[in-house]
Amino acid sequence: MIDAYIGLGSNLDQPVQQILQALDELDCVPESWLVRASSLYASAPMGPQDQPDYVNAVADIRTRLAPLDLLDALQEIEKRHGRIRDRRWGPRTLDLDLLLYGDQIIQDRRLTVPHPGLAQRAFVLKPFEEIAPRLRVPGLDDIAALSAACTDQQVRRIE
């Protein structure tokens with residue numbers, strides 16, 4: 001079994017409900033279960049500013065799935081939520097990012113783990129810090145230290 005950490009984000013079609021439903025669906029991924037999830041956090045969009053604020057969370061799931069099989073399962077959940085990939089950093093009903101997969105470093109054409117933007121995104125680090133502050137990101141530092149260094153972005157807890 002591997003602990004995999006998933007970043008969740010939404011800013012369309014009732015984002016809070018999208019995230020809460022996705023958390024339930026993560027608990028139903030084959031050979032996996034939800035261990036814990038952060039509170040929900042709100043932040044301004046990272047990309048184009050002509051879109052609503054985002055709601056974000058981080059979940060810890062324990063899985064037997066291989067990394068690419070887990071990625072496929074995450075993308076299937078996104079698809080069920082109506083995810084359309086038409087604009088980089090654009091609005092979305094649901095975004096599920098595989099942030100960490102155990103302590104593995106993965107470089108594949110479909111998947112990079114640790115997630116490439118993890119250390120620079122307060123909207124990921126703040127919820128991540130809530131559930132695993134001392135977890136070390138391979139090749140970097142622990143989540144609490146990364147979060148403490150990411151002070152230029154406003155993130156607020158909403159639930």
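Close-up 1. S10 lies in strand β1, and the model is a predicted one. Its relative accessibility is 0%, so S10 counts as buried, the limit being under 20%. The S10 side chain comes within 3.4 Å of the backbone oxygen of L12. Apart from neighbours within four places in sequence, the residues in contact with S10 are P15, Q18, I19, D53, Y54, V55, R92, T93 and L94.

**Close-up 2. The buried face of helix α1.** Helix α1 comprises residues 15-26, and its end C-alpha atoms are 16 Å apart, in agreement with the 16 Å that its 12 residues should span at 1.5 Å a residue. Within α1, the buried residues are Q18, I19, A22, L23, E25 and L26. Viewed down the axis of α1, these buried residues fall within an arc of 160 degrees, and they therefore line one face of the helix. An α-helix has 3.6 residues a turn, so residues three or four places apart point the same way. The buried residues of α1 pack against β1 (2-10), β2 (32-37), β4 (54-63), α2 and β5.

**Close-up 3. H81 in the loop between α2 and β5.** H81 is located in the loop that runs between α2 (67-80) and β5 (95-101). H81 is buried because its relative accessible area, 9%, is under 20%. The side chains of H81 and Q18 are joined by a polar contact of 2.4 Å. With neighbours within four places in sequence left aside, H81 contacts Q18, Q21, A22, E25, T93 and L94. The C-alpha atom of H81 is 9.5 Å from that of D13, a residue 68 residues apart from H81 along the chain.

Terms used:
Residues are numbered from 1 along each chain as its sequence is written. This is a predicted model: local features need pLDDT of at least 70, side-chain atom pairs count only at pLDDT 80 or more; totals for chains, interfaces and linings use all residues. Side-chain values use heavy atoms; hydrogens and water are left out. Helices (H or I, at least four residues) and strands (E, at least two) are DSSP runs, numbered from the N terminus. Buried means under 20% relative accessible area, exposed over 50%, partly exposed in between (1.4 Å probe, protein chains only). Contact means heavy atoms within 4.5 Å. A polar contact is a pair of N or O atoms within 3.5 Å; within protein, one must be able to donate a hydrogen and the other to accept it, and residues adjacent in sequence count only if both atoms are side-chain atoms. The expected span of a helix is 1.5 Å times one less than its number of residues. The arc is that of the directions from the helix axis to the C-beta atoms.
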